[in-house]
Amino acid sequence: MHLILFLLVPLAALLLAPRRWKHPWRLRLPLCFLRKAVVDAELLVEPRRMIDAHLPFEATEQPRLQSGALLWASAALATHTLAEEGDQAAILGAVKPLGFTPEKFLARCPIQQEVLHNGHRGYILRDGSGYRAYFLGNPAGLFAACELVWDQKERSATPQDAMRLPQGDGLYGLAMAPVADGAVGPMTYLGSLRFAAPAMDPALVQALLPDHWRLDVDAPATPFTLVISPAPRAMNSFTADMPDWRAQLAAGFERSRRASGSRSIIALAWLLLWPLLMDAFLQYALPGTQALLLALPAAIACLCADETNRRWLIPCALALTALFWLILRPGVTAAAFCLVAGVLHGFVARLISPMECS
């Protein structure tokens, strides 16, 4: 009967240890048992970023080289909170290469108040010895409110300029105006920014997986598949609900790889040899006894109990221990010895082999 202990505790360690992995992981099998990953197509997009800038009408990927770039960047940073929430960080990322950050810029040009002028929202900032208002809005609507255009220098807006405005989604127009005695002067159109979330190459996710894994997009999940999705689903899943989910995914595989090293071999040797040694000692001291079965529930409880399962695992271990004691009727000394042996069996294996991932 001691073979039950010999087999069940390593099996419990193998199958229950993955359940100890914490969010964003939810595993029912060790990662080393899986061979395929399925990624949600919703995740295969890059973070939103500026794909081009218009100063004032021609698209460029290097706004720092264009005339009016500093005014354009000032307007973008000052008004970025008026953009859609998902684009605010992208606006700050677009102007950062020009040396514009909220801390530096707003310390030099602090915001005085919000303003609504010609139907467009903006902010008045102290700019040097005077004041200036910056605006953000739809390019066509904002241009219609402007009398001037910054094109190498300020000039009057023309009907032909309106035909040169960029079209499409993800666009924000920028404008400025002088402020004197609390009155906002004529508005100058500075240009615009376009933002998008480019499609991600699935090969970027494939590169994070072990060499022998296969990656599919929006394919059905099987019990031996890891599902990478925005919300947890399937038996084995990774919840990609954070911006750095790819780094978190790679870190999890690295932890799994390390856990398959020498410490796991030592833990497995301990799990297999300890019950044999204890049973050999009991058979020498008490020939024919099966008292070591009392160690089984204690070993599993010490090895596998965590915050989520201890409420039922520990009572079940106590009940099973009592049942074995009633059936086997070992002596008090033998029973105490087996309980201590079971606790050491599970607890020491838990210390040797890291089974948690946060």
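Student: Where does aspartate 218 lie?
Tutor: Aspartate 218 is in the loop between strand S13 (214-217) and strand S14 (225-229). Helices (H or I, at least four residues) and strands (E, at least two) are DSSP runs, numbered from the N terminus. Before we go on: this is a predicted model, where local features need pLDDT of at least 70, side-chain atom pairs count only at pLDDT 80 or more, and totals for chains, interfaces and linings use all residues. Residues are numbered from 1 along each chain as its sequence is written, and side-chain values use heavy atoms, with hydrogens and water left out.

Student: OK, and what is the phi of aspartate 218?
Tutor: Positive, about 55°, although aspartate 218 is not a glycine.

Student: Switching to prolines. Which residue does a cis peptide bond join to proline 24?
Tutor: Histidine 23, and omega there is about 15°. Proline 24 sits in the loop between helix H1 (2-16) and strand S1 (25-26).

Student: And the peptide bond from leucine 55 to proline 56, cis or trans?
Tutor: Cis, with omega near -15°. Proline 56 is found in the loop between strand S3 (49-54) and strand S4 (59-60).

Student: Now helices. At what angle do H2 and H3 pack?
Tutor: About 155°, with the axes of helix H2 (residues 69-79) and helix H3 (residues 85-95) 9 Å apart. That makes H2 roughly antiparallel to H3. Axes are lines fitted to C-alpha atoms, for helices over the stretch in contact, and angles run from 0 to 180 degrees between N-to-C directions. Angles under 35 degrees count as roughly parallel, over 145 as roughly antiparallel, 65 to 115 as roughly perpendicular and the rest as oblique.

Student: Which residues meet there?
Tutor: From H2, Trp72, Ala73, Ala76 and Leu77; from H3, Ile91, Leu92 and Val95. Contact means heavy atoms within 4.5 Å. By class that contact has seven nonpolar, no polar and no charged residues. Here Ala, Val, Leu, Ile, Met, Phe, Trp, Tyr, Cys and Pro count as nonpolar, Asp, Glu, Lys and Arg as charged, and the others, Gly among them, as polar.

Student: What about H10 and H12, how do their axes cross?
Tutor: At roughly 25°, with the axes of helix H10 (residues 295-304) and helix H12 (residues 332-352) coming within 7 Å. That makes H10 roughly parallel to H12. The contact includes Ala298, Cys302 and Leu303 of H10 and Gly342, Phe347 and Arg350 of H12. It splits into 11 nonpolar, three polar and one charged.

Student: And H10 with H11, at what angle do they pack?
Tutor: About 170°, with the H10 axis 8 Å from that of helix H11 (residues 310-328). H10 and H11 are therefore roughly antiparallel to each other. Among the contact residues are Ile300 and Ala301 of H10 and Leu320 and Phe324 of H11. The class count is nine nonpolar, one polar and no charged.

Student: Last topic. What volume does the second largest pocket have?
Tutor: About 360 Å³. Of the 14 residues that line it, the closest to its centre are Val45, Pro47, Met242, Pro243 and Trp245. On a 1 Å grid over the protein atoms alone, a pocket is an open set of points where a 1.4 Å probe fits, with protein on both sides within 12 Å along at least five of seven lines; lining residues have an atom within 4 Å of a point. Grid points are joined across faces, edges and corners, and a volume is the space filled by probe spheres set on the points.

Student: How do the residues of that lining divide?
Tutor: Nine nonpolar, no polar and five charged.
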